Amino acid sequence: MIGTGVAFRTRSWTVLLLGLLTTASPAAFAADCPGHPDALGTSRTIVVDPHEHPRIGTMQYRETLPLKDHEVVLTFDDGPLPKNSNQVLQILADECIKATFFIIGEQAKANPEGVRKLVAAGHTVGTHSMTHPLTFNKMPLDKAEAQINGGIEWTSAAMTDPSKLAPFFRIPGLMRAEGVENLLISRGIQVWSADFPADDWRHVSPDRVYQLAIQRLEAKGKGILLLHDIQARTVAALPKIIRDLKARGYRIVHVVPATADRPATPTMAVEWLLHPPTETTPIARWPAVPNFVFTQTERLPAPGLADLNAQAAHQPLLPRKTIAQADVAATLPAPGRDLFAIPEGSIEVLLSTTLSRRAATRLAMAAETPHAAKGKAARVQARRTAHAAHAVPKHVSQAKGAPPRPTRVASLKKRAQ
Ligand SMILES: [Zn+2]
């Protein structure tokens, strides 16, 4: 099963067809799972080299495992916790499924037998820190390193053969940090995120865990599923998830690390992308887009109004007056102080007094034509009108020749502010 990937690299149709027949046939799975003819089984094992692909899982990284369509990798975090982890182990055993477990150091310290059971069952065992702090994204690097070392120390100490420990690490809570990742990578440890979780650490029903697992898998078509073997709801949901995976034609893939005598499964770089570009996608064959077009283009000046009217001599597009105004006055002048002042004696002011409309109009006419007011008749008329209203004498005196003083209109002034 380990060499299945070679078939795809050789591009031999005969070998490819044989490979598909041997890996995808349900009969082959049943044969691998004595006593469980309906088992989902494990379709193939891939060997990965952490040095070549140090970060995997599209929830956070560009690359993920080189899975084919409808292939799934099951992962379980935070164990071992005897009560629930043992049940998960039994469910997987009944289906002949191999998975990857990320162990917490303290759990291994408390339940080393649980770690040994995983190894004995043929599962892959990686680590998940010493105490599962959800602060890897901000803790000092030396503390992160102590957490990483504690998990590795106690998990390997629980194993009969510590070389069985895979150099795989999943950051608690996926709280990634560049420094932590670089530290892990420098030590040849592969950083595992996931392609989709099923939210089984939240307070949701087992049925909800099942629904999310299937919905999210269907949305991506393949990938790494993140589960927790310490959760009772996961134990309850797992059989239904597995049954549905089989009904929908999914296949389980087991992942193991490369060693000196177990070389990595040959793959092409593009296979480590969740959805690599296909032959039918034209852009996949285009050369890389150079960036000079955008980075070296100067900003063009905005066209002047004269440019728009360049053919005005032959085909006038705009009235000439409009052009001249636009050229000269870029902004409108600020209004003068007396813009909102109304001269005393004007019809507006007089109408606001207690004068009758007729008298007010007469006074206003007199104010607007001071020369005419010099006549005797006008003076007499003004005096008569003055008796009609106490507010008028001042207006009359102004009407005799003094320039009209502005009267501020409070309401207008207020509005102008
Ligand atoms: Zn965890």
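Which residue stands opposite L226 in β9? P197 stands opposite L226 there. The chain crosses from β8 through helix α9 (residues 206-220) to β9, and this β-α-β crossover is right-handed; the term means that, with the strands pointing away from the viewer, the path from the first strand over the helix to the second runs clockwise. This is a predicted model, in which local features need pLDDT of at least 70, side-chain atom pairs count only at pLDDT 80 or more, and totals for chains, interfaces and linings use all residues. Residues are numbered from 1 along each chain as its sequence is written.

**Overall make-up and confidence**

- The chain has 18 helices and twelve strands; helices (H or I, at least four residues) and strands (E, at least two) are DSSP runs, numbered from the N terminus.
- Of its 417 residues, 31% count as buried. A residue is buried if 20 or more other C-beta atoms lie within 10 Å of its own, exposed if 12 or fewer, and partly exposed in between, with C-beta atoms placed from the backbone.
- Among contacts between residues at least 6 apart in sequence, 73% join residues at least 24 apart; a contact means that the two C-beta atoms, placed from the backbone, lie within 7 Å.
- Mean pLDDT (the predictor's confidence in each residue, from 0 to 100) is 78 for the chain, and 60% of the residues reach 70 or more.
- Over residues 322-326 the pLDDT is below 50, and this stretch has four contacts in the model beyond near neighbours in sequence.
- Residues 409-417 also have pLDDT below 50, with six contacts in the model beyond near neighbours in sequence.
- Where pLDDT is low, the predicted coordinates should not be read in detail.

**Strand pairing**

- Two strands pair if DSSP finds at least two bridges between them.
- Strand β9 (residues 223-228) has six of its six residues buried, so the rest of the structure largely encloses β9.
- Six bridges join β3 to β9 in parallel, and the bridge partner of T75 in β9 is L226.
- Strand β8 (residues 196-197) also runs parallel to β9, joined by two bridges.
- In strand β10 (residues 251-257), six of the seven residues are buried, so β10 too is largely enclosed by the rest of the structure.
- Strand β1 (residues 44-48) is joined to β10 by five bridges, and the two run parallel; I46 has V255 as its bridge partner in β10.
- Strand β3 (residues 71-77) pairs with β10 in the parallel sense over two bridges, and E71 stands opposite R251 in β10.

**Nonpolar core**

- The largest nonpolar core has 64 residues, of which V72, V73, L74, A213 and L225 touch the most other members. Its largest share, six residues, comes from helix α10 (residues 232-247).
- A nonpolar core is a set of buried Ala, Val, Leu, Ile, Met, Phe, Trp, Tyr and Cys residues joined through C-beta atoms within 7 Å.
- Not counting residues up to four places away in sequence, L74 touches I97, A99, L225, L227 and I252.

**Helix α6**

- G114, V115 and L118 are buried in helix α6 (residues 112-120). They cover an arc of only 100° around the axis, which puts them on the same side of α6; the arc is that of the directions from the helix axis to the C-beta atoms.
- E113 and A120 are exposed on the other side of α6.
- The cover over the buried residues of α6 includes α4 (82-95), β4 (100-103), α5 (105-110), β5 (124-127) and α7 (141-158).

**Loops and backbone geometry**

- A cis peptide bond with omega of about 0° joins G79 and P80, and P80 is found in the loop between β3 and α4.
- H70 is not a glycine but has a positive phi of about 70°. H70 is found in the loop between β2 (55-56) and β3, and counts as partly exposed because it has 15 C-beta neighbours inside 10 Å.
- H132, in the loop between β5 and α7, has a positive phi near 60° and is likewise a residue other than glycine. With 17 C-beta neighbours inside 10 Å, H132 counts as partly exposed.
- G173 is found in the loop between β6 (165-169) and α8 (178-186). The C-alpha atoms of G173 and N137 are separated by 9.7 Å, and the two residues are 36 apart along the chain.
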